Amino acid sequence: MSQTVARAIDIVAFVSRRHRTLGEIAEHLGVHKSTALRILQTLDEGGFVRRVPDNRYAMGFQLIAYGQLALDQVEARTLARPVLQELSERSGHTVHFAELAGDQVVYVDKIDGRGSVAMGSRIGLPAIIHTAGVAKVILAHQPDRSRWLSTCDFERFTPTTVAGRAELEAQLDDVRERGWAEDDGEHEDYLNCVALPVFDARGRVTHSLSVTALKTVAPLDELRAHLDEYRTAARRVSRALGWGGDENGRR
């Protein structure tokens with residue numbers, strides 16, 4: 001991959017999390033502002049980034065169109081949608097569906113619950129691997145986690161955010177053992193969630209689903225109390241994807 005293309009891809013990923021200044025982008029790339037600006041101008045012309053009123057840069061609207069086209073090709077999302085919709089309606093909470101895509105875990109569907117509030121999760125965006133339940137439960141089942149963990153910056157968002165690699169490794173071991181993951185306000189301190197693995201036809205964990213709620217509405221203890229219900233939903237999606245074994249990946 002050419003250096004310019006790699007930098008352009010890096011910029012799109014960088015501004016997808018939040019609006020960034022030219023200086024922040026240049027520092028992130030390790031280049032002069034003029035170099036960063038040239039790439040940004042090209043991306044802006046193509047609709048991949050856009051300049052917002054405070055002179056920061058954000059993800060471009062053209063990506064939304066391309067993202068929808070990509071989502072339309074994700075068969076797993078189509079197969080899972082009825083189960084996710086039913087689970088959200090029954091629980092009243094927001095349900096996410098994520099997919100392992102290369103070195104990232106990406107949100108491919110999201111059903112908002114009743115009275116839902118703003119969340120950082122967006123369809124088409126990668127999940128933060130050291131905070132998001134959907135990412136942790138997928139990574140816990142990968143035989144080699146190192147290539148994912150090596151890219152994690154372990155940014156501290158809240159007091160409960162995982163502090164470093166050793167802590168996350170230990171947490172992933174626990175997740176693999178018990179069969180589900182949690183997010184205890186680790187990215188947004190007012191939210192928590194539990195996440196379950198989804199197996200494909202070969203018994204590999206390629207997807208996951210999570211149930212997310214306001215802590216004031218349903219704290220973790222209450223979400224845990226419904227794990228059997230959520231596990232059943234994850235099993236139904238696994239079977240729709242061709243898996244004939246149990247929820248632990250065994251036939």
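Student: How are α1 and α2 oriented to each other?

Tutor: In this predicted model, local features need pLDDT of at least 70, side-chain atom pairs count only at pLDDT 80 or more, and totals for chains, interfaces and linings use all residues. Residues are numbered from 1 along each chain as its sequence is written, and side-chain values use heavy atoms, with hydrogens and water left out. The axes of α1 and helix α2 (residues 22–29) come within 11 Å and cross at roughly 130 degrees, where axes are lines fitted to C-alpha atoms, for helices over the stretch in contact, and angles run from 0 to 180 degrees between N-to-C directions. Angles under 35 degrees count as roughly parallel, over 145 as roughly antiparallel, 65 to 115 as roughly perpendicular and the rest as oblique, so α1 and α2 are oblique.

Student: How are α1 and α3 oriented to each other?

Tutor: Helices (H or I, at least four residues) and strands (E, at least two) are DSSP runs, numbered from the N terminus. The axes of helix α1 (residues 3–17) and helix α3 (residues 33–45) come within 10 Å and cross at roughly 75 degrees. The two helices, α1 and α3, are therefore roughly perpendicular.

Student: Which residues of α3 meet α1?

Tutor: On the α1 side, the contact involves Arg 7, Ala 8, Ile 11 and Val 12. Their partners in α3 are Thr 35, Ile 39, Leu 40 and Leu 43.

Student: How are α5 and α10 oriented to each other?

Tutor: The axes of helix α5 (residues 75–91) and helix α10 (residues 227–240) come within 8 Å and cross at roughly 165 degrees. That angle makes α5 and α10 roughly antiparallel.

Student: How many residues of each class are in the contact of α5 with α10?

Tutor: Leu 79, Ala 80, Val 83, Glu 86, Leu 87 and Arg 90 in α5 meet Glu 229, Tyr 230, Ala 233, Arg 236, Val 237 and Ala 240 in α10. By class, these residues divide into 8 nonpolar, no polar and 4 charged.

Student: How many helices and strands are in the protein?

Tutor: The C-alpha atoms fill a box of roughly 55 × 40 × 40 Å, taken along the principal axes. The protein has 10 helices and 7 strands.

Note on methods. Contact means heavy atoms within 4.5 Å. Ala, Val, Leu, Ile, Met, Phe, Trp, Tyr, Cys and Pro count as nonpolar, Asp, Glu, Lys and Arg as charged, and the others, Gly among them, as polar.
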